[in-house]
Amino acid sequence: MEPAVALNRRHSSVCLATLFVVLACAALIGVDGWRTWQARERLLSQAAVDTGNMAQALARHADDVYKEADLVLQVLQEHIAEDGLDPKSLQRIHRQLVKQVNELPQLNGIFVYDQYGRWIVNSQQTLETTHNNADRSYFIHHRDHADDLPYLGPPVQSKSTGLWIFTVSRRITRADGSFGGVVLATISFDYFKKYYENFDVGRRGVIMFMLDTGMLLIRSTRDEVTTGQDMRNTPIFRDHAAKRDRGSAELTARTDGELRINSFVRLPRYPMFMTVAVSSDELLTSWRHDAYVRTIGILFLVGVLATMGRRLVRQIKHQARSEVEAVKARARTDQLNATLVQLAMHDGLTGLANRRHFDRTLSTELTRLANEGGPLALILIDVDYFKLYNDVYGHTKGDDCLKQIAAVIGRSKRRGRDLAARYGGEEFAIVLPDCDVRGATTMAHTLRQSIADLRLPHSGGRRGHVSVSIGVAALDPVQAQDSPLALIESADQALYQAKEGGRDRIVTSPQSLKVIARDELKRPHSSRSGQGS
C-alpha cells in the first residue's frame with residue numbers, strides 16, 4: 001500500500017507541474033488569440049460603421065442632386081403651363097435653361113419635347129431639330145402614365161454629345177388632360193465619377209449608385225468606372241437592398257469574387273440607393289501584420305516557458321524514478337492477478353460475469369438471505385430467434401449483437417450486490433438480492449424496452465428488429481429449504497412461457513404471482529394490478 005501511495009504522490013507532483021506549464025502556455029496563447037480576434041471584430045465593426053456613414057453622406061448628396069434637377073423641371077412645367085410654347089415663350093425658356101445649366105454643374109442639359117418626341121427647346125446654344133426622342137424610356141413612360149411624378153430613367157448615351165447621362169423627367173399635361181410632351185433634365189455621368197474620386201474606399205473598394213429596379217447608374221472603383229449593368233441578381237440587391245432601407249452585410253462579389261463589407265442606404269426622396277463597400281482582405285492587412293508579430297512574440301514566450309517547465313518535470317521524474325519502477329513492478333503483478341481473476345470470472349465476449357460467477361453468487365446470496373429473511377429475484381433473458389439471426393447476418397454480426405445487448409444488461413444494474421451474467425449462448429441472467437418480484441418485473445420491463453430501443457435490425461424478428469423474451473421469478477422471503485436450482489427452474493419456466501406465447505414479452509413465474517396476490521390480500525385498501533407479460 002505504501003509504494004502505491006508514494007507512486008500517487010510522485011505522479012501527482014509530475015501531473016501538477018505539467019498541468020501548470022500547459023495551462024500557463026494555453027493561457028498565454030488563449031488570451032493573445034482572444035485579444036487578436038476581438039481586434040479583428042472591432043475593425044470589421046468599425047468598417048461597417050464607416051461605410052454606413054459614407055453611404056449615408058453619398059445618398060444625401062445624390063438625393064440633393066436629383067432634387068435640384070427635379071425642381072428645375074417643376075419650374076419649367078409651371079412656365080409652360082402659364083406661358084405656353086409660342087416663339088417668345090420659347091426664347092425666354094431657352095435663356096433660362098442655359099442659365100440654369102451654367103449654374104448647376106451636375107446638369108448636362110435640359111430639354112423640352114412635344115407629344116411626338118421632337119425637340120422644342122433645350123439648354124444648348126443652338127437648337128437641334130434633327131433628333132427625336134420618342135423611343136426613349138422616359139418618353140414612353142410619360143406617354144403611357146398620366147401621373148405627375150418624376151421618372152428616374154436608366155443611364156443612356158446622349159444623342160447630341162454621345163456622353164453617358166442620367167435622366168429625370170416629368171410629364172407635360174395639357175389643359176384637357178392629354179399628353180403634351182416631356183420636360184427632361186440630364187445629369188452628367190462624369191459629375192458623379194469625379195465626385196466619387198474624392199472618397200477613399202481602398203484599392204479594391206467600390207461605390208455603387210443604383211435605381212430601385214436594380215439598374216446600375218455608376219460603379220466606381222480606383223481602377224474603373226462602369227454603368228448600365230443589371231444588378232438584380234447580385235446578393236447586395238437581391239438579399240438586402242431590395243428588402244430594407246439601410247444595412248450592412250459581408251458579401252462576396254459576383255463580378256470579381258472579392259469579399260467586401262457592404263453598407264447600403266436608400267435615398268430619402270427618390271427610388272434609388274447608394275452602396276459603399278470595402279475589401280475585407282484589404283482592410284485586415286494591417287491587422288494580420290500586427291497579429292503575426294504578436295503571435296511570434298507569444299510563441300517565443302511559450303517556448304521559453306515550455307522549456308523551463310520541461311526541465312522541472314524532468315527533475316521531478318528523476319527523483320522518483322527508482323521508487324516508481326518498484327511501484328510499477330508491483331502494479332504489473334497486481335494487474336496480472338486481476339486479469340487472471342477477470343478471465344476466470346467473466347465472459348470473454350460480453351464482459352459480463354460468466355456462468356461460474358453466476359452460480360457462485362446465486363448460491364452465496366441464497367444462503368445469506370435464508371439467514372436474514374429477505375427476498376431474492378432472478379431475471380432470465382433470451383434473445384429471440386438468435387439462431388436465425390446468425391444464419392442471416394453471420395456469426396460476427398451475432399457476436400456484435402450479443403455485445404450490445406450485454407452492454408444494456410450491464411447498465412441495468414443499480415446496486416452493488418446485483419449481478420449481470422451471461423448464462424449461456426444467447427441467454428443472460430440478472431441476480432437481484434433484496435429485491436421482490438415487483439421490483440424485478442419493473443426492471444425487466446425497462447430492460448426489454450432499452451433493448452428494443454437499440455433498433456438492431458433482424459429480418460426474422462417480429463417487428464423487424466432484435467427483441468428478447470424475459471422470465472422473472474422471486475423467492476420472498478428466502479427459506480432455508482430453497483435451492484438455487486429451484487429458483488433457476490422457476491425463472492426458466494417463465495422464460496419458456498414467454499417464448500411459447502409469441503416471444504418479445506415478459507412472464508412472471510406463477511409462484512411469484514401468488515406472492516403478489518398474497519401481499520395484495522394483506523393490503524385491502526391498496527389498488528391491485530396483475531403482473532405478467
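These entries record what I looked up in a predicted model.

**Entry 1. Ground rules.** I worked with a predicted model, in which local features need pLDDT of at least 70 and side-chain atom pairs count only at pLDDT 80 or more, while totals for chains, interfaces and linings use all residues. Residues are numbered from 1 along each chain as its sequence is written, and side-chain values use heavy atoms, with hydrogens and water left out.

Entry 2. I searched for cavities and pockets on a 1 Å grid over the protein atoms alone: a cavity is a set of points where a 1.4 Å probe fits but cannot get out, a pocket is an open set with protein on both sides within 12 Å along at least five of seven lines, and lining residues have an atom within 4 Å of a point. Grid points are joined across faces, edges and corners, and a volume is the space filled by probe spheres set on the points. I found one cavity of 30 Å³ or more. The largest cavity holds about 100 Å³. Its lining has 15 residues, with Tyr113, Asn133, Ser158, Lys159 and Ile165 nearest the centre. Strand 1 (107–113), strand 4 (156–157) and strand 6 (179–188) each give two or more residues to this lining; strands (E, at least two residues) and helices (H or I, at least four) are DSSP runs numbered from the N terminus. Strand 1 supplies the largest share, three residues. I sorted the cavity lining into seven nonpolar, six polar and two charged residues, where Ala, Val, Leu, Ile, Met, Phe, Trp, Tyr, Cys and Pro count as nonpolar, Asp, Glu, Lys and Arg as charged, and the others, Gly among them, as polar.

**Entry 3. The open space.** I then turned to the largest pocket, which has a volume of about 290 Å³. Of its 19 lining residues, Met208, Arg219, Met231, Ala253 and Thr255 lie nearest the centre. Strand 7 (206–211), helix 5 (235–241), strand 10 (246–252) and strand 11 (259–266) each supply at least two residues of the lining. By class, the pocket lining comprises eight nonpolar, six polar and five charged residues.

**Entry 4. A helix pair.** I looked up helix 9 (residues 386–393) and helix 10 (residues 395–411), whose axes come within 7 Å and cross at roughly 135°. Helix 9 is therefore oblique to helix 10; angles under 35 degrees count as roughly parallel, over 145 as roughly antiparallel, 65 to 115 as roughly perpendicular and the rest as oblique. Axes are lines fitted to C-alpha atoms, for helices over the stretch in contact, and angles run from 0 to 180 degrees between N-to-C directions. In the contact (heavy atoms within 4.5 Å), helix 9 uses Phe386, Tyr389, Asn390 and Tyr393, and helix 10 uses His395, Lys397, Gly398, Cys401 and Leu402.

**Entry 5. Pro457.** I placed Pro457 in the loop between helix 11 (437–453) and strand 16 (468–475). Leaving aside residues up to four places away in sequence, Pro457 touches Tyr389, Tyr393, Gly464, His465 and Val466. Pro457 is partly exposed at 49% relative accessible area (buried is under 20%, exposed over 50%, partly exposed in between, with a 1.4 Å probe and protein chains only).

**Entry 6. Backbone details.** I noted a cis peptide bond between Asp476 and Pro477, with omega about -5°. Pro477 sits in the loop between strand 16 and helix 12 (484–500). Asp434, not a glycine, has a positive phi of about 55°, and Asp434 is partly exposed at 38% relative accessibility.
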